[in-house]
Amino acid sequence: MTKSIAAFQDEHGRITGWPSDRRRAHQLAILDYLTGLFDPGVSYDQGQVDQVLADHSTLADPTLLLRELVEGDYLATADGMYWRADGRPGPGARG
């Protein structure tokens with residue numbers, strides 16, 4: 001992704017804002033960044049996902065980020081578990 005997300009991060013690297021739909025390239029860059037916070041092949045429960053997003057965002061509604069990650073096929077979900085869509089977890093693989 002060639003777009004910088006620096007304009008949407010604070011000095012600690014946390015996401016501070018969500019770009020408008022007109023800035024879709026910036027949205028995709030943020031989603032790529034967030035996806036990198038999850039290990040391939042590892043399952044995460046809802047609480048773990050919420051914590052990762054809360055630790056890396058100052059948004060009042062971090063569920064926006066989770067919704068975008070799932071709807072954009074960055075994270076997959078089933079039975080209350082989440083994993084990177086580019087790497088389905090093996091049995092018992094937990095983060």
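Leu-53 is found in helix H2. The structure described here is a predicted model. Leu-53 has a relative accessible area of 1%, so this residue is buried, the cut-off being under 20%. Beyond its neighbours within four places in sequence, Leu-53 is in contact with Leu-34, Phe-38, Pro-62, Leu-65, Leu-66 and Leu-69. A further pairing spans 39 residues of the chain: the C-alpha atoms of Leu-53 and Arg-14 are separated by 9.1 Å.

Helix H2 covers residues 46-55. Its buried residues are Val-49, Val-52 and Leu-53. Viewed down the axis of H2, these buried residues fall within an arc of 95°, and they therefore line one face of the helix. A side-chain contact is found at the start of H2. There, a side-chain oxygen of Asp-45 reaches to within 3.1 Å of the backbone nitrogen of Gly-47.

The largest nonpolar core has 21 residues. Seven of these touch the most other members: Ile-30, Leu-34, Phe-38, Val-49, Leu-53, Leu-66 and Leu-69. H1, H2 and H3 are the elements that give two or more residues to this core. Val-49 and Leu-53 belong to the buried set of H2, while Leu-66 and Leu-69 are buried in H3. Leu-69 touches Leu-31, Leu-34, Thr-35, Leu-53, Tyr-74 and Leu-75, not counting residues up to four places away in sequence.

In H3, the buried residues are Leu-64, Leu-65, Leu-66, Glu-68 and Leu-69. They pack against H1, H2, strand S2 (75-78) and S3. Glu-68 has its place in this helix, H3. Its relative accessibility is 17%, so Glu-68 counts as buried. The cut-off for a buried residue is under 20%. Leaving aside neighbours within four places in sequence, Glu-68 is in contact with Trp-18, Arg-24, Leu-31 and Tyr-74. After H3 comes Asp-73, with a positive phi near 65°.

Three strands form an open sheet. Their order is S1-S3-S2, and the pairing is antiparallel. S1 and S2 stand at the edges. Each has a single partner strand, so one side of each is left without a neighbour in the sheet. H3 packs on this sheet and touches S2 and S3. The direction of H3 makes about 90° with that of S2.

S2 and S3 run antiparallel and are joined by four bridges. Leu-75 stands opposite Arg-84 in S3, and Ala-78 stands opposite Met-81 in S3. Together S2 and S3 form a hairpin, with two residues between the strands. Asp-79 lies in the turn and has a positive phi of about 55°.

Technical notes. Residues are numbered from 1 along each chain as its sequence is written. This is a predicted model: local features need pLDDT of at least 70, side-chain atom pairs count only at pLDDT 80 or more; totals for chains, interfaces and linings use all residues. Side-chain values use heavy atoms; hydrogens and water are left out. Buried means under 20% relative accessible area, exposed over 50%, partly exposed in between (1.4 Å probe, protein chains only). The arc is that of the directions from the helix axis to the C-beta atoms. A polar contact is a pair of N or O atoms within 3.5 Å; within protein, one must be able to donate a hydrogen and the other to accept it, and residues adjacent in sequence count only if both atoms are side-chain atoms. Contact means heavy atoms within 4.5 Å. Two strands pair if DSSP finds at least two bridges between them. A nonpolar core is a set of buried Ala, Val, Leu, Ile, Met, Phe, Trp, Tyr and Cys residues joined through side-chain atoms within 4.5 Å. Axes are lines fitted to C-alpha atoms, for helices over the stretch in contact, and angles run from 0 to 180 degrees between N-to-C directions.
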